[in-house]
Amino acid sequence: MELKVQDFSVLFPQNNRFPPADAAFGPDKARLAKRFHNSLPFYAPTKLVALSDLAREYGIGGIFVKDESTRFGLKAFKGLGGSYAMFRILCEKLGLDPEEADFMTFQDPAVRAVCRRFRFYTATDGNHGKGVSWAAGLFGCDSFVFMPAGSSEARRRAIEEAGTAKAVITEGNYDEAVETARLEAEKNGGILIQDTAWEGYRQIPEWIIDGYLTLAAEAAGQLGGRVPTHLFLQAGVGAMAGGLLDYFRRLFPAQPPRTVLAEPREANCHYVSAQAADGEAHTVGGNPVTIMAGLNCGTPCLVTWPIIRGHSFAFCACDDIITREGMRTFAHPHGSDPAVTAGESGAVTLGLLLRILRDAALREAFGFTQDSNVLLINTEGDTDPDVYREIVSGQI
Ligand SMILES: Cc1ncc(COP(=O)(O)O)c(C=O)c1O
């Protein structure tokens with residue numbers, strides 16, 4: 001069933017009886033990733049923020065926001081994936097056991113001397129590249145980052161400032177930037193560390209997704225026994241959403257949360273794939289324009305698409321106005337709720353949730369009651385500070 005409402009469209013998939021996914025992202029993988037992140041000297045869990053007054057005003061039990069805007073000082077969750085995958089790659093190259101090695105192992109001068117030989121390549125619309133640049137700095141490796149046309153100079157500079165990367169803005173779209181990174185890695189004997197998977201390229205993206213599970217495991221602990229009834233996740237290639245969806249459904253097998261996937265209307269590759277209902281991942285081509293830069297991706301990740309197609313409750317394609325509302329609501333909180341700095345890709349799920357809750361028919365269709373507890377992930381802070389200021393002050 002498909003509903004077109006003002007500013008967004010909703011698709012409730014009729015058939016999700018497709019073959020199960022090969023990959024699993026359960027608590028065992030989260031434990032290993034968290035063990036590594038714990039060993040970083042500046043690791044600290046990010047906050048789980050309760051927007052209790054907002055939840056009360058909208059007549060539900062709770063709205064909980066895992067706030068990744070402060071992660072590692074990078075303003076986004078992405079460094080979790082890049083650092084953990086780099087750790088796993090280097091463990092493999094150096095013959096180290098990832099169950100025993102940790103960040104301290106890489107402080108040994110002899111180990112660092114070997115690490116200096118590795119060069120990492122990636123494509124990004126911002127945050128992943130920043131995470132890779134930062135992680136390469138931690139391990140003492142070189143890194144090269146390719147960005148799609150239209151990427152902002154502020155984001156490019158932030159990538160270089162975060163660590164070792166040389167970052168360039170290319171002329172193609174996101175998928176073309178990925179291809180450039182792949183070819184450059186091949187030509188220069190480097191390692192492609194990409195946050196999406198395709199046929200023949202799965203292991204490294206799986207490690208990246210494992211790394212994201214640290215935030216899921218932290219959130220699960222911080223929920224203090226509450227089981228979320230709804231999980232709202234934003235998707236670019238869907239690696240983060242698929243990983244977290246799988247984690248929470250395995251953590252709460254008796255009551256898996258209803259997962260709602262939010263994408264920009266112009267880059268809604270999961271939505272159109274679900275709409276096709278043939279089980280395949282479909283690509284949205286061209287140069288989509290949206291302020292949700294981190295979600296501006298044309299092709300679902302091959303590892304997580306089978307998880308998403310099998311277990312999502314609804315797919316939503318959202319206009320930019322929805323994330324603007326989310327950003328403003330986070331910035332100007334209700335009652336005694338704390339303010340949260342949420343960027344363009346971080347806030348869309350809050351904007352979407354409020355629109356659903358304001359409409360009685362949608363509220364019912366999504367199964368909201370006064371006891372519902374919703375978990376949202378604010379995946380980024382003000383990664384482009386000038387644009388952020390203009391949006392939350394209502395200028396654009
Ligand atoms: C801030 C932010 N949120 C969400 C996402 C979406 O993650 P994924 O591409 O795994 O769907 C990204 C991806 O870059 C991002 O930067």
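A crossing of two helices is called left-handed if the near helix is turned anticlockwise from the far one by less than a right angle, and right-handed if clockwise. The views below show a predicted model, in which local features need pLDDT of at least 70 and side-chain atom pairs count only at pLDDT 80 or more, while totals for chains, interfaces and linings use all residues. Residues are numbered from 1 along each chain as its sequence is written.

**View A. The crossing of helices α3 and α8.** Helix α3 (residues 79–94) and helix α8 (residues 203–222) have axes that come within 7 Å and cross at roughly 130 degrees; helices (H or I, at least four residues) and strands (E, at least two) are DSSP runs numbered from the N terminus, and axes are lines fitted to C-alpha atoms, for helices over the stretch in contact, with angles running from 0 to 180 degrees between N-to-C directions. This makes α3 oblique to α8, given that angles under 35 degrees count as roughly parallel, over 145 as roughly antiparallel, 65 to 115 as roughly perpendicular and the rest as oblique. The crossing of α3 and α8 is right-handed.

**View B. Residues in contact between α3 and α8.** From α3, the residues L80, G81, G82, S83, Y84, A85, R88 and I89 meet I204, W207, I208, I209, D210, G211, Y212, T214 and L215 of α8, where contact requires C-beta atoms, placed from the backbone, to lie within 7 Å. By class, this contact of α3 with α8 holds 10 nonpolar, 5 polar and 2 charged residues (Ala, Val, Leu, Ile, Met, Phe, Trp, Tyr, Cys and Pro count as nonpolar, Asp, Glu, Lys and Arg as charged, and the others, Gly among them, as polar).

View C. The domain assignment, automatic or from a database, gives domain 1 (2–77 + 205–392) and domain 2 (79–194). Their centres, taken over C-alpha atoms, are separated by 25 Å, and the contact takes 32 residues from domain 1 and 29 residues from domain 2. On the side of domain 1 that touches domain 2, the elements giving two or more residues are α1 (27–38) and α8, of which α8 gives the most, with 9 residues.

**View D. The shell around the ligand.** Among the 22 residues around the ligand, G236, A239, G294, T379 and E380 come nearest, a residue being near if its C-beta atom, placed from the backbone, lies within 6 Å. Both domain 1 and domain 2 give residues to this shell, so the ligand lies between them.

Key
Two residues are in contact if their C-beta atoms, placed from the backbone, lie within 7 Å.
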